[in-house]
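Have the model open while you read.

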Amino acid sequence: MERRAFQNPYLDYEGPASTEGLFDSSGHLNSNFIQRLQSKISDLLQYMENGLLKADQTDCSTYTGWAGIALLYLHMHNVYGDQHFLQKAAHYVNKSLKCLAGRVVTFLCGDAGPLAIAAVVYHKLQQMQESDNYINQLLRLHQSVVKPNSRLPDELLYGRMGYLYALLFVNDQFGNERIPLHYMKEICSAAITSGEKLGSKKSFSKSPLMYEWYHEYYVGAAHGLAGIYYFLMQPEIGIDQDILLKLVKPSVDYVCQLKFSSGNYPPCIGESRDNLVHWCHGSPGVIYMLLQAYKIFKDEKYLKDASDCTEVIWQRGLLKKGYGLCHGPAGNAYGFLAMFNFTQDKRYLYRACKGWQELFTSLLICCNPQRRSFLHLKYNSNGINVHFWM
């Protein structure tokens, strides 16, 4: 791992004395620490803007393109309430809408992301006709997602769950059921049918639902089982309890059985190398499935496995590969925030703060103004909250 991650230079949480200068006994961030975060965010925004003239003008995606920058500014508006950020979001999402590819239907890598973000931005600008237009365009993709003979995968980056997230994103941002629930249920039904078909193969008899992408049986959040099962367990979608118990729970349990002795998870079924600690592959992404399983099924083993994930992240999560959300310390730190929000254990908030301290230090060394990504921190007077797109 010394080739893939920096050695963690920080002492672990040892009680309130460890958190001086970070947060108080209630988990409220220290004002000086907030100011440091704000200062670094301002610096990075300027750094990003300076590099955009050399950016790929045809990349419309949320993952690496204009829609991702629009999402950043939309989020900044949601945090600060500054109309300037909303205007910035509109500017960049319009750049994205001009170069929709029409080949992928997901939030991160396809047309659904720019359309969903545009619908929300124009809703907040109170341009309702424009907002409705983008929602209608988004929903026109629905039939291609749910049709039985579709060759669409089921995973998050390029498949059904990626389109499902776009719909959930709209409803979350609108604060109501702007997109009717039956659209989400039909997507989940199609995914369950697909998973049962592959899961019925003898070699997967322990997992009623099974999914593949590019002829591999991926485990993690981006392309694999953990990301799919996470969405199937979302209570607002309302999947029948019988299906959850009969199909989803034993499938989640199958993923749990794949855990390495270290607490990490393989990128694919059958992979024996324990070397990837990313949101896309490994414990930093699987943790969300485990926490959701605990919320739904109330089995302590899921919470224990989620805690094991955080140990892996603490020891091996300061990645050399990059500083971003998919495979970098920024994305890995969200695992700590997920555990803190659920358990209120200050150890996890401490670890998240230390992770971002190291991230900001590394950005001074390796930040490239031609690389684009969206910074998705959310903080307020009550502390840091998870606002990840999972």
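## Ground rules

This is a predicted model, so to speak of local features we need pLDDT of at least 70, and side-chain atom pairs count only at pLDDT 80 or more, while totals for chains, interfaces and linings use all residues. Residues are numbered from 1 along each chain as its sequence is written, and side-chain values use heavy atoms, with hydrogens and water left out.

## Rings meeting rings

Rings of Phe, Tyr and Trp (its six-membered ring) pair if their centres lie within 6.5 Å; planes under 30 degrees apart are stacked, over 60 edge-to-face, and the rest tilted. That gives 19 aromatic pairs. Take Y80 and F85: their ring centres are 6.0 Å apart and the planes sit at 40°, so this pair is tilted. Y80 is partly exposed at 37% relative accessible area, whereas F85 is buried at 14% (buried is under 20%, exposed over 50%, partly exposed in between, with a 1.4 Å probe and protein chains only). Both belong to a cluster that ring pairs build from W66, Y73, Y80, F85 and Y92.

Then look at F107 and Y165, with centres 4.9 Å apart and planes at 80°, so they go down as edge-to-face. F107 is in the loop between α3 (83-97) and α4 (112-124) and Y165 is in helix α7 (residues 160-174), so the pair ties together parts 58 residues apart in sequence. (Helices are DSSP runs of H or I, at least four residues, numbered from the N terminus.) F107 is buried at 2% relative accessibility, and Y165 is buried too, at 15%.

## Lysines over rings

A charge sits over a ring if NZ of Lys or CZ of Arg is within 6 Å of the ring centre and within 35 degrees of the ring normal. K249 does this to F297, 5.9 Å from the ring centre, and K320 does it to F6, at 5.5 Å.

## The core

A nonpolar core is a set of buried Ala, Val, Leu, Ile, Met, Phe, Trp, Tyr and Cys residues joined through side-chain atoms within 4.5 Å. The largest one has 130 residues, and I117, L138, Y163, Y229 and L232 touch the most other members. Helix α7 gives the most to this core, with ten residues.

## Cysteines without partners

A disulfide needs two cysteine sulfur atoms within 2.5 Å, and the whole structure has zero. The sulfur of C309 is 8.9 Å from the closest cysteine sulfur, in C256, too far for a bond. C309 is buried, at 0% relative accessibility. C326 is in no disulfide either, with the nearest cysteine sulfur, that of C280, 3.5 Å away; C326 is buried at 9%.

Terms used: Helix = DSSP H or I, 4+ residues; strand = E, 2+ residues; numbered from the N terminus.
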